[in-house]
Amino acid sequence: MEPLSVAEELAEALWQEGSQGAVGLYQCPGRYVLPSMPFPLDSDSTTFPLVVVADAVASREPRVVADGNVEVRQGNRRLRAGSATRDETAFKVRASGDVRFDEPGLSVHGAEASLDLDSPQAMVEHAEFVLTDLQLRGRADRIARRGEVVELDTTTVTSCPPGDVRWQIRAQSIRLDAATEVATSRHARLQLGGVPVFYAPYLRFPVSDRRSSGFLVPDVYEGRDGIDVSVPYYINLAPNYDATLTPRWIAERGLGVEGEVRHRSRWTDTEFDAAFLSGDRDYDGEFARTDAGNAPGGFSPSDRWSLDIDHRGRLGDFVTAFDVAAVSDNDYFRDFALEEGVASRVALERRGEVEYRRGALVARLLAQGFQRLESGPQSYRRLPEIGVSYAGLLVGPLGWSMGATWASFDSSANAVTGDRYHLDPRLRLALNRPWGFVKVSGGVRRTGYDLANAPAGNDPRPRRRVAIGVLDAGLFLERDVSLASGAGALLGARSQTLEPRLYYLRQSYADQDALPRFDATELTFSYRQLFRENRYAGLDRIGDANRLSIGVASRLLDATGAEVLGARLGALVHLEDPRVRLGSTVRPHPDLVGELAGQLGPVRIVSRLSWDAGGDELGEFGTGLAYRRDARRIVNIAYRRRFPDIDQTDVSVHWPVPGSDRVSVFGRWNHDWRHGQIVESFAGLSYGGCCLAVKLLWHRTMDAPRNLPGSATTTESGLMLQLSFKGLGGFGSKVDSRLVRGIKGYRPAGG
């Protein structure tokens, strides 16, 4: 069989420059176009009469023979040849001599052809073909079409335009099903520029974006553990649920399997992921083989596994949410995840929640636990927590509310455990107008504990009572922005708001040093926190307060009411110094905060600053600038500093090379100035041709082993390659995974 580059007259004839070709991932200036058809494409050609035109026609019972410039037409089927014979008994036409056959979705040029007149079947020998529906072309010793199925024997197939053979599949046979858009090949070799790079004795794969069962193209990666090969098999079970089963072989570790099941319905959305590797040759459950000298006893390979369930549901007044994640050991993500953001996870959450909402009544049942992936105290499990709240009206604007929770906290460590009860009754007076509001509320917050393993001398059943009073008032002023001039016109804004707000909080002090810390954490200070009742998350610490918050916000709004640009500035005035503390770490207590956020055309800006005026000390500063003109032109610049542990710069970019529509460069530089090290950096380039897309990425990532606490932090470097073939899939999807996580706003383009 001749190579594709020798005989391409048919492909050249059907290729139309300037037509809408592949978009996104593949930059293509044209596409294969179906020849014009005389009847609607969904017509059944076998129901139309047969028309034969030739230089000479003779009847030789039971055959009719046509010679010279023969053209046979039946509906949308057209056969041209040097000679043709119609068999009256078999209802077939056989043709030879420079044969050309066209019908919807298929055009063929060959040496000999056979056409059934009463069924959608045709066969061409020594053929050059173009499948216009699937945008594939090639050559075959024999091509047979039986309805929606096309069978190719000793064939070469590609989706590249005429004159381009950047990739092609050479196979003993390929079966293409246009109805399911799935191809089945036997003894197939994938070639890049004529060089074989992959062989499969049997392969079933989709030839479009349509979901269908079959093998997806394998994913090959070379990293610190040698060659890593994944061969996914997709199972299209039903329109609303599917599965993917992926055997994975890692040279230095062994053979494993990964699985994913997805299910969607009117009420639920659930995804289940699992992975298992039997007898990891480089890990014994605690130490890597290279570190096993630090462990007692010999090295014994350990099984590795992971599990992840994500569920969201709604049925009537009930809402459900379940997130369950677990791994076999603390080093699992470090060893198997290629993305730094995943590999550096410090804890996995297991959470199940059922919520009921009916009018002003809200009831919730929650269970929560964590798997900590590095040394340190274990988080408490909430087994379970029950909460109920209700709000109602008394007289006019005077209302009331009641909140009640009970939670049971457990821990695998020898720590304080027990139950916590909390009641929060309130009286509220709310006066609301279009131009402003005044809200006054007050109540008593009562908390009780029933503890086990309490330290000697501590009350195992402590109680806490905190009185609270809140005054919250604000104005909402608005004016039109001139469209003729000014910043508002430049930003496309139609109106500007001015929103001053005054918030006074009085909360009594209670000594809480002896109370457990089941869920109390310190919150990041922000403009919104100026108007919170508690400066801590959770209920184990309720901060005393006698303070005044003053804030003002101004927003530019477009014609739809969406915010174009917003600025917020607030100050916190402590009339009395707060006494409740969380732990022994002394952090700045900011009392000034400013925020700026907006979308200026393709530019998104976000900035925040908090300052402790009393200590003349920075609490937090962060600023980010994101430019996204389109899917290929992205620039992100960000800096964040927070006392005492964060001082980082993060720069990322994805941009086309000037003068080229097909080549882009990308990169990320995330640097930790406090520790003088790179958290992550990568750089690379991508090429998107008409039928082939390539992405090459070099990365350097910080590596801090968890199985050796106190060991020095090292860096890992490597190359990653991703190849994508139009109509076939590709190798190396992990490159796109890293770009999605590392370059804000980047999304892989579909082919």
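**Entry 1: the cysteines**

I started at C691, which is buried, with a relative accessible area of 0%. I note here that I am working on a predicted model. Next I looked up which residue C691 is joined to. A disulfide links C691 to C160, with 1.9 Å from S to S. I then checked C160 for burial. C160 also counts as buried, and its relative accessibility is 0%.

How many disulfides does the structure hold? I found 1. The link of C160 and C691 is right-handed, with 80 degrees about the S-S bond.

Then I placed the two ends. C160 sits in the loop between strand 11 (149–158) and strand 12 (167–177). C691 sits in the loop between strand 43 (677–688) and strand 44 (692–703). The pair therefore ties together parts that are 531 residues apart in sequence. I noted that such a link is a covalent bond between the sulfur atoms of two cysteines.

**Entry 2: R304**

I moved on to R304. I found R304 in strand 22, which covers residues 302–315. Is R304 buried or exposed? R304 has a relative accessible area of 1%, so I logged R304 as buried, the cut-off being under 20%.

Which side chains make polar contacts with the side chain of R304? I wrote down D329, at 2.6 Å. I also wrote down D335, at 3.0 Å.

Last, I listed what R304 touches, leaving out residues up to four places away in sequence. D329 and D335 are on that list. Others on the list include R253, F276, Y283, Y332 and F336.

Note on methods: Residues are numbered from 1 along each chain as its sequence is written. This is a predicted model: local features need pLDDT of at least 70, side-chain atom pairs count only at pLDDT 80 or more; totals for chains, interfaces and linings use all residues. Side-chain values use heavy atoms; hydrogens and water are left out. Helices (H or I, at least four residues) and strands (E, at least two) are DSSP runs, numbered from the N terminus. Buried means under 20% relative accessible area, exposed over 50%, partly exposed in between (1.4 Å probe, protein chains only). A polar contact is a pair of N or O atoms within 3.5 Å; within protein, one must be able to donate a hydrogen and the other to accept it, and residues adjacent in sequence count only if both atoms are side-chain atoms. Contact means heavy atoms within 4.5 Å. A disulfide is a pair of cysteine sulfur atoms within 2.5 Å.
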